[in-house]
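Let's take a walk through this structure together. Have the sequence at hand and turn the model around as you read.

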Amino acid sequence: MKAVKVFEAGGPEVLKITEVPIPKVKPGWSLVKIKGFGINHSEIFTRDGLSPSVKFPRILGIECVGTIEESTSDKFSKGEKIISIMGEMGRAFDGSYAEYVLLPNEQIYPVKTELSWEDLAAIPETYYTAFESLKALQIKDDDTILVRSGASGVGVAFLRLIKAKNKSQRVVASVRSLSKRDKLIELGYDDVVEDKDSVLQTTEIFDKSLELVGPTTLKDTFEHIKNGIVCDTGLLGGKWDLEGFEPVGDIPNGSYLTAIHSGDVDYNRILEMIDYIEDNSVEVKPAKIYSLDEIADAHRYLESSNGFGKVIVMNKN
């Protein structure tokens, strides 16, 4: 089968198209024929050598959609439509940057949906993260919401989930470059503000904030929250840890900090998310679609200043 293998840390050029054997099924695992998968910033971090637990060579990829090809479990049937997210896929064992992937049975989630393969491929990691964040923020109809890094895949998904149900909800995006302003307003944001040197260029106060930049901007985000909730979900700022954060002083009285780790996957919540998307006609169309041979270009686009929305790769099989 065709797969993308990383033999050493580096830029997009280290993503090597190779031919490798199709994995053989072993007890407790199933072989999945991959229809498509999303590209995630965490995979870029790993490619750059910033994931200490990951040893190269490795086939990256922390999510996929596809069909059951062969299984050791009587819970699955050949051809059944599935999605898979996280676990140690693409980290402790080879992931989804390939035509087939061998996955632990407990990490495989059958779904029944009429969504196209392209739309379904845009959902797993990105929309699950956005949906869990939406739940954590306990949003009310009159809340004003800040999305820190609003042009990111999760930011766009979060906006679509909210606006599909309540078009009047005020949602503001922060971006590093206002060149994306018109595109974001067209997408549905009510306003766009600049995130300059990790400082938000606005005096507006919000009720809720989805923090996707992470530790780099978290303290500044709380400067714009009153009696509200900040959900720390992303690490787009490149920092994993928050140094010098003192909760008593840095979280304003009456406000709250929560967090979402997409690695904590709940199958029932996945099914709830799919129902929410279909019941509310949420647009889940990916921003960019690449082929497996174009994987390096997909990485370059996502980490460029032009990167916008969800980027996916589709197989021809």
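Is Glu278 buried, partly exposed or exposed? With a relative accessible area of 31%, Glu278 is partly exposed. You'll find Glu278 in helix α8, which covers residues 267–279. Keep in mind that this is a predicted model.

Arg269 is partly exposed at 26%, while Glu132 counts as buried at 13% relative accessibility.

Arg269 also forms a salt bridge with Glu272, where the closest N and O atoms are 3.2 Å apart. Both sit in α8, three residues apart, or about one turn of the helix. An α-helix has 3.6 residues a turn, so residues three or four places apart point the same way. The structure holds 18 salt bridges; one of them joins Glu69 and Lys78 at 3.3 Å, N to O.

Now over to helix α4 (residues 153–165), whose 13 residues should span 18 Å at 1.5 Å a residue. Its end C-alpha atoms are 19 Å apart, which agrees. This helix is mostly covered, with 11 of its 13 residues buried, among them Phe158, Arg160 and Lys163.

Definitions and conventions
Residues numbered from 1 in each chain as written. Predicted model: local features only at pLDDT ≥ 70, side-chain atom pairs only at ≥ 80, totals over all residues. Heavy atoms only, no water. Helix = DSSP H or I, 4+ residues; strand = E, 2+ residues; numbered from the N terminus. Buried < 20%, exposed > 50% of the residue type's maximum accessible area, 1.4 Å probe, protein only. Expected span 1.5 Å × (residues − 1). Salt bridge = Lys/Arg side-chain N within 4 Å of Asp/Glu carboxyl O.
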